[in-house]
Every structure is written in C-alpha cells, then in structure tokens.
Amino acid sequence: VVCRDGCIKAVGQADVIRNQFSGATFERIIDCSGKCVLPGLVDAHTHPVWAGDRVHEFAMKLAGASYMEIHQAGGGIHFTVEHTRKATEEELFSTFKHRLERMRRAGSTLVECKSGYGLNLETELKMLRVIERTKQSMDIGISSTYCGAHSVPKGKTATEAADDIINNHLPKLKELKLSDEIHVNNIDVFCEKGVFDLESTRRILQAGKDIGLQINFHGDELHPMKSAELGAELGARAISHLEEVSDEGITAMARAKCAAVLLPTTAYMLRLKQPQARKMLEGGVIVALGSDFNPNAYCFSMPMVMHLACVNMKMSMNEALAAATINAAYALGKSDTHGSIETGKQGDLVVINSSRWEHLIYQFGGHEALIDYVIVKGKVVYQNEKCGTMSSY
C-alpha cells in the first residue's frame, strides 16, 4: 500500500492488508496475482548527458585497440567533449530525457547521473542544469554528480586542471547551491594513470567534500592506483570500477563502509579482467552495481547488468539483486529512503510478469516482455501495453 505522499504505508500478506484497509478507498489497485513485486532498481553509475555517439569506436575496439589507444588518438572522452560543448542545452535535455525513459522502462527508478563531458566550467554547468531540469520535470529519482575531472582538458596538465576545478568550478557550484539553482550530490574524479594522479585526485575530492559533496569516484580501473585506499581515508561514500583494486584496498573499503560500485558492462566491452566481486563480498565490502551507461558502454538495462554480474563476476542472483537495489541506494547515500520494500520508504516498485523474480536476471535481454509496471512514488510511470496478456516463459 502506497500513500498519496508517495511512501509505502504497509507491506504484508494480501488477506492481512485487505482486512487492515477494508474501509479505505484507493485511486488505483493493481492485481499482481501470479506476479512478483520488486523494489525499483537503482543504477549507481551513469554518464547520460552528452552529444556525439562513438559507434565508430566500437569497430576499433573489436579490431584490438585499447581504451587508452583510442583516447590518445583523439577519440574516447575527448571526442564526446567536443560534441557536447557544441550541443545546445535543449538538445542535451531532449536526449537525456529519452535515455532516462529507456532506463525507467528497464526498471530503474533511481539513477546516478554525472556531468563530465565539458571539462570547462561553461559546459559542465550546462550539463548540470540539464540534470537539474530533469529532476524537476520527470518522475524518476536522480542523484547528480559533478565529474569535471573526468579527463584532463587539452592544453592543461593534471595539476592545472585540478587548480581550475578547485579555484573556479567548485566555488561556482557552491554559489549555485546557495541560490537554489543547481543541487549537486556527489563529486567524482577519474583517478587513473595518464589522467588524474593520486595527489590531484585527493585535492579535488577533499575540496568537493569541503563544500558538502559526497565522494563517489572512478578508481583502480586500468592500473592499480591505490584509489581504494585513498577513498577509504577520505571517507568516500563509493568508488567505481576497481578492476585493479589491491587486497589492502578491499580491506580498507570494508572497514570504512565505502561501497564498491562494480560495472560489468565496462569490463565486458573493453575486455578487461572482471572486478573481484567474490573477494570483495567475502571481505565484507558493500557491493553495488551500475550500468556505466555512456558512449563507450551503451547499456540502459540493469537486468542485463545483473545477469553479467552473475555470469562474469560469479555473484549469486540474490547478491546481484541486493547490489542493484539496497546497496546501490547506499552508494548514493539514499538507502534510508530507497532500495527496498519497507514501510516508510519511497514507493518505487517494479512488477514483473512471473511468479519467480529470478526471471528478471535469468532472461538475458528479456526485461521488455517481463516488466509489466514501473512505479515511482506510488505513481505508475510505465505500463507494458501487453501487460498480463503474454506469458513470460
């Protein structure tokens, strides 16, 4: 039962609920007989605001070019930066909403959304304004992340770029927050060899934390950088990627209750070694999942991400579901309101046309026929037009 305020009023057996609310009237009753009701999925890492896709680079990757080879040849992030700088705010707003709609149809009700394809103050703010507008105009949860340190801009060193972010970008974000124009939740840096080193990363993250942002950054992806150890030391809420994390980093993250946001699509598409999900889980790390949706990893579907996590990272289906709901909500600092079906939490739900929830993971790419309803704050935001008329088997 979800109230008008969008929060869950009661959870329990059908007959108990019917007796408890026998005198109540409801705007809508959904018959879920023979179906499963799950918490809305949480996508803990996406880059969804950009112009200029990189479909041409997929062929280069298939031919054996590495991520950094493409990056150094003027492709990768810099290709998208060039197109995003030229795009109007309206163009970005339109494509961003379309992408979020596709994520929502796949069951995501809370999505972390990064800037990071501007690398200058003007374009980063343009991206953050687009995210802010969408927060106000669309029924989906958004956790916004400033990721101006996604790459070192052409013509600058990492130190110069860090100085610009600390002295110009972050003070402007603080000012816009105080004037109620843009509300950013997290700060992100791509801590990587040839991008931002450990010291530049530390400076930027600390400066973001000082203005009230949660630390949630890219670390230990292509090279072991001791990012996990740094994140634990700074009190990071979450670190993403971690394909090259050290054993010491895993121990430090577990102690600091810093979530590991694992991105199976990235390792899959770049043919990297998979993150050590089992070692992290057994070491007591809070493991979350994200789609890493971006021009390099074009995936909207958390059900497909969960499937990849189970097959390639050896997670159980229960672990993958927790990682895509309550743990992903934790990684965004929202596990007190999102990520599980509990009284008092936000009424974000997914109804699937199967008597066993595992079908959402088992049917690789089958979510379009499986998901009957997606509900945000008690409001049906997606209903499958073939709802209840077809078998999910």
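How do the residues of the lining of the largest cavity divide into nonpolar, polar and charged?

Analyst: This is a predicted model, in which local features need pLDDT of at least 70 and side-chain atom pairs count only at pLDDT 80 or more, while totals for chains, interfaces and linings use all residues. Residues are numbered from 1 along each chain as its sequence is written, and side-chain values use heavy atoms, with hydrogens and water left out.

The lining of the largest cavity divides into 4 nonpolar, 7 polar and 3 charged residues (Ala, Val, Leu, Ile, Met, Phe, Trp, Tyr, Cys and Pro count as nonpolar, Asp, Glu, Lys and Arg as charged, and the others, Gly among them, as polar). In total, 14 residues line the largest cavity. Nearest its centre lie Y67, H150, D292, N294 and N296. The space in the largest cavity is about 130 Å³.

A search of the whole structure finds 5 cavities of 30 Å³ or more (a cavity is a set of points on a 1 Å grid over the protein atoms alone where a 1.4 Å probe fits but cannot get out, and lining residues have an atom within 4 Å of a point).

The second largest cavity holds about 50 Å³ of space. L173, K174, K177, I182, V184, I211 and L213 form its lining. By class, the lining of the second largest cavity has 5 nonpolar and 2 charged residues, with no polar ones, whereas the lining of the largest cavity includes 7 polar residues.

Notes
On a 1 Å grid over the protein atoms alone, a cavity is a set of points where a 1.4 Å probe fits but cannot get out, and a pocket is an open set with protein on both sides within 12 Å along at least five of seven lines; lining residues have an atom within 4 Å of a point. Grid points are joined across faces, edges and corners, and a volume is the space filled by probe spheres set on the points.
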